[in-house]
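Open the model in a viewer and keep the selection panel at hand.

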Amino acid sequence: MRIVVLVKYVPDATGERSFAADGTVDRAAADGLLSELDEYAIEQALQIADEGDDVEVVAMTLGPDDAADAIKRSLQMGASAGIHINDEAVHGSDSLATSTVLAAAIAKAEPDLVVCGMASTDGAMGVVPAMIAERLGWPGLTFGATLSVSGDTVSIRRDGDVASQTIEASLPAVVSVTDQSGEARYPSMKGILAAKKKPVQHWALADLGVEPAIVGLAAASSTVLETTPRPPKEAGRIVPDSDGAGSAALVDFLSAGKYI
Amino acid sequence: MAEVLVVVEQLDGVVAKPTFELLTLARRLGDPVAVVLGAGADEAASALGQYGAGTVISVQDPAFEEFLVAPKAEALAQVVQSVQPAAVLLTSTLESKEIAARLAVRVGSGLITDATDVRSDGSTTQTVFAGNWSVTAQVRTGVPVITVKANSTAAEAAPVDAAVRELPVTISEASRTARIIKSEPKKASGRPELTEAAIVVSGGRGTGGDFGPVEALADALGAAVGASRAAVDSGWYPHSYQVGQTGKTVSPQLYIAAGISGAIQHRAGMQTSKAIVAINKDPEAPIFALADLGVVGDLHTVLPAVTAEITARKS
Ligand SMILES: Cc1cc2nc3c(=O)[nH]c(=O)nc-3n(C[C@H](O)[C@H](O)[C@H](O)COP(=O)(O)OP(=O)(O)OC[C@H]3O[C@@H](n4cnc5c(N)ncnc54)[C@H](O)[C@@H]3O)c2cc1C
Ligand SMILES: Nc1ncnc2c1ncn2[C@@H]1O[C@H](COP(=O)(O)O)[C@@H](O)[C@H]1O
C-alpha cells in the first residue's frame, strides 16, 4: 500500500508572522517549519506502516525551495520517500489552485490513501483536503480523531459538537486527522541519519500537466485588498487579589459592563 | 435586487443564532434566500422570515444523513445553479466550511472562510495569525462563497413573510462514498453554545482538574464554559469545549480566562473577544497582556467569591 501524506511548510507560529507587499504570507520574515498539525498526519501514516506489511509512506509538499525542510523532517520521522512540488508560477496560489496542483500530483503518485493535517497553521482554512477529495472524486473522511485501515476499507471517528460519528469508505480516499489523534513521534538519531539516503523527487507544473496560467497570485479567485496589524492592546488594569481586592474589582468590572 | 443564499444552521427546525447574523449581513448584499439542507424548513420558516428571508428553499435527500458532507455540497451547487445568487453565505462550523470548500470547487468560485465582516461591495474582513492581523479581501471569480464566524455582527430583525419552496436535487454516486456507519449523540450541557455565547468562562491547567468553580461562575453569568487544550488533554473537560487554534474560535462580549497562561494557540481562539478578564496566580502570565482586567490570585478563591457576590446581588 502507498500512503501520501500532505505536509506544508509554514512560518513558525510562535514567531512574528507578517505579510509581504503583494498580500501573501511573508515566508522570508519568519523561520519556517513543518506545520505541527501535519506531524499528526505523518504519525497516523507511520502507525499504519508499522502495523502493516509493505506500506510505503511518501511525504508530499507544494512550496518554495525552503519547503524541502518539511520533507526532510517527515523523512526523519520515518517516511520512506518525498515528493517536492516546486514551481515559480505557484507563488500566491489560493486554496483552489493549491488543491488543483496537489490533486494532479496525487493522481500522478497513485497512492491508495492520502493523509492530511486538519488545517495548516498559517492559512488555517482547513479546506484543502475536502477540495482535493472533491477534485479527485475520492471519498473525503475529514477531521478524524482516529484513523484505521483494514483491507481496502478506511475508517475514522469524527467528533462533532452534536454527535461522535464513525465514517467508513473504500480506498482510495482522502483523510484528514486532528491533533486528538495522538502525539507525533520525535525523529530518532537513526531516523535522522537514514533520512539523508531517502529518495526525494522534484516535480514542476509541467510534470503534472497543470497550466501555469490557472495558478499563482494572478489567477487567485480572491484578492487581498489590505493587511493591517492589530493595534497593540491598551494595557488593562492588573489587581493583586489581597484581602479580596481582586474579586471585588472583578465584580465591579462585571457590574460596570452590565454583565450582571 | 440580487438574491443572496444563506445556508441555515438548524436542528429540528430550531434555527441557530449565527444564521440570523448571516441573514443580517446578507441584506447588505441583496435579498436573502434561506436554504435548509434536510428536514426542518417548515418549522424554521417563520423565524427565518423575522430576519428578512422571504424565500426558504427546502432541499431534502436521505443521503444527507447517510454520508459525510459531499451530498450537501452537491445539492447546494444545484441550488446555486438554479437561483444564480450574488453570493452564498454559510456559518464557520467545520461542516459548513467543508460544504463551502466543495461548493467553491464545483461551481468554480472564490472562497473566503472565517470572515468577521461582509460589506455591501462583497469585501470581507478576516483576522489571521492568531488574531494579530486583519485582512480585507474580496472574491473576484464566480459567485462569492463566504463563511462567517459566529458573533461577528448583531442580528437585526427585518420581518417579512417567508414562503417555503421545495427544490428537488439529484445526488450522484460519487457523493455517496464516505458513509456514516455510526452516530452517537452527545449530551447537551444545558449552557449556551460556546461559539454563540455572549460570555464565556474558560478554565485551564490552573483549575487542577476541578471545573466546579468555572461552571458555577458561568451559570451565575448565563455563560458558556470553555477550556484550554491542557485541560482537555488532561481529560478534565470534553474536547468540544476547547478554545483555540485546534478548538473553537470564540468572539464573545466577555471572555474570562481562569488558570490559563495565554499561549499563542489559545489566544488564536479568543483574541477577538470584546472584553477579556484573566485570573492567574502568575503575574508574568502572557494572558495579562490581553486583559482589560487582570486579577493576580488563586482562581479557587477568586471565582467562588465572585459567584457568591453575583448570586447575592441577584436575590
Ligand atoms: C499545534 C498546536 C495546537 C494547539 N491548539 C491549542 C488550542 O486550540 N487551545 C489551547 O488552549 N491550546 C492549544 N495548544 C496548546 C498551547 O500551546 C498551550 O500548551 C495550552 O494553551 C496551555 O494551556 P493552559 O494555559 O491551561 O496551561 P499552562 O500553560 O500550564 O498554564 C496554566 C496557568 O495556570 C496558572 N495557575 C496555576 N494554578 C492556578 C491557580 N490556582 N489559580 C490561578 N492560576 C493558576 C499558572 O500560573 C499558568 O499560567 C496547541 C499547541 C499546539 C502545538
Ligand atoms: N502547500 C501544501 N503542500 C502540502 N500540503 C498542503 C499544502 N497546503 C495544504 N496542505 C494540506 O492540507 C491541509 C489543510 O490545509 P489548509 O486547507 O491550508 O488549512 C494541511 O494540513 C496539509 O495536509
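Select ligand 1 first: residues from chains A and B surround it, so the site is shared between chains. This is a predicted model, in which local features need pLDDT of at least 70 and side-chain atom pairs count only at pLDDT 80 or more, while totals for chains, interfaces and linings use all residues. Residues are numbered from 1 along each chain as its sequence is written, chains are lettered from A and ligands numbered from 1 in the order in which they are written, and side-chain values use heavy atoms, with hydrogens and water left out.

Now show the 27 residues around ligand 1 (a heavy atom within 4 Å). The closest are Arg205(B), Ser228(B), Ser261(B), Gln265(B) and Asn280(B).

Next, pick Asp298(B), where a polar side-chain atom lies 2.9 Å from a nitrogen atom of ligand 1. At Arg229(B), a backbone N or O atom lies 2.9 Å from an oxygen atom of the ligand; for Gly247(B) the corresponding distance is 3.4 Å.

Then colour chain B by domain: domain 1 is 3-175 and domain 2 is 199-314, with bounds from an automatic or database domain assignment. Their centres, taken over C-alpha atoms, are 31 Å apart. Select the contacts (heavy atoms within 4.5 Å): seven residues of domain 1 of chain B meet nine of domain 2 of chain B.

Finally, look for salt bridges across this interface (a side-chain nitrogen of Lys or Arg within 4 Å of a carboxyl oxygen of Asp or Glu); the rule finds zero.

Methods:
A polar contact is a pair of N or O atoms within 3.5 Å; within protein, one must be able to donate a hydrogen and the other to accept it, and residues adjacent in sequence count only if both atoms are side-chain atoms.
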